[in-house]
Amino acid sequence: MADEAEYNDQLIVSQIVSGQKDLFRLLVRQHEKAVYGMGLSFFRNSDDASDFTQEVFLKAYRSLSGFEGRSRFSTWLYKIAYNTALNEVNRRKEYHSLAEEDPDKLINYGDTPEQTALRNAAKEAVHAAVLELPERFRICVDLFFFYDRSYQEIEAITGIPVNTVKSHVFRAKTILREKLECLSVNNGEEI
């Protein structure tokens, strides 16, 4: 299914470059939520995320003829989004992980009140542990877990070498495991 969507993206890009400019709206529709989500993770408010999304698609549109198809279109677009966000973050000196989402907005899966409380407590513990990760780890963790990107895609998006990405994700998991185990021992619970 993902390969089919990627094939469709490639086809649409070639048609846009050939002159059918109005088809760009299809690419926007396909990828807008993901780009907006990245904007929210970096800027933490809907106005800035909306502005960011527009800026990313404008840059992508202007650069579309330079897309060579050596990577997935979504990877190419995420690289533009990541670099745009990083430039703005460097200007503002802030980065917010998707793990910083408000734990009070957690989904209730129809559990009993006790199950909901346990699920929320676990998510709050993970949330707090992720926030304590060094920024370079959080970026890789966000892209790997929240955006479901492969190590190679993270390398293409961030410019961080793939082995370093693997190392960052591995170290982040180790740190998170240790923090959560420590929390579990301190609370007398088993996670």
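**Entry 1: the α6/α7 contact.** I looked up which residues join the two helices (DSSP runs of H or I, at least four residues, numbered from the N terminus): I139, C140, L143 and F144 in α6 meet Y151, I154, I157 and T158 in α7, contact meaning heavy atoms within 4.5 Å. The residues of this contact divide into seven nonpolar, one polar and no charged; Ala, Val, Leu, Ile, Met, Phe, Trp, Tyr, Cys and Pro count as nonpolar, Asp, Glu, Lys and Arg as charged, and the others, Gly among them, as polar.

I note that the model is predicted, with local features needing pLDDT of at least 70 and side-chain atom pairs pLDDT 80 or more, while totals for chains, interfaces and linings use all residues. Residues are numbered from 1 along each chain as its sequence is written, and side-chain values use heavy atoms, leaving out hydrogens and water.

**Entry 2: helix α6.** I compared span with length: at 1.5 Å a residue, the twelve residues of α6 (residues 135–146) should span 16 Å, and the end C-alpha atoms are 15 Å apart, which agrees. The expected span is 1.5 Å times one less than the number of residues. In α6, I found F137, R138, I139, C140, V141, D142 and L143 buried, that is, under 20% relative accessible area with a 1.4 Å probe, protein chains only. After α6 comes D148, with a positive phi near 55 degrees.

**Entry 3: E153.** I located E153 in helix α7 (residues 151–158). E153 counts as buried because its relative accessibility is 9%. Not counting residues up to four places away in sequence, E153 touches R72, T75 and D148.

Definitions and conventions
Buried < 20%, exposed > 50% of the residue type's maximum accessible area, 1.4 Å probe, protein only.
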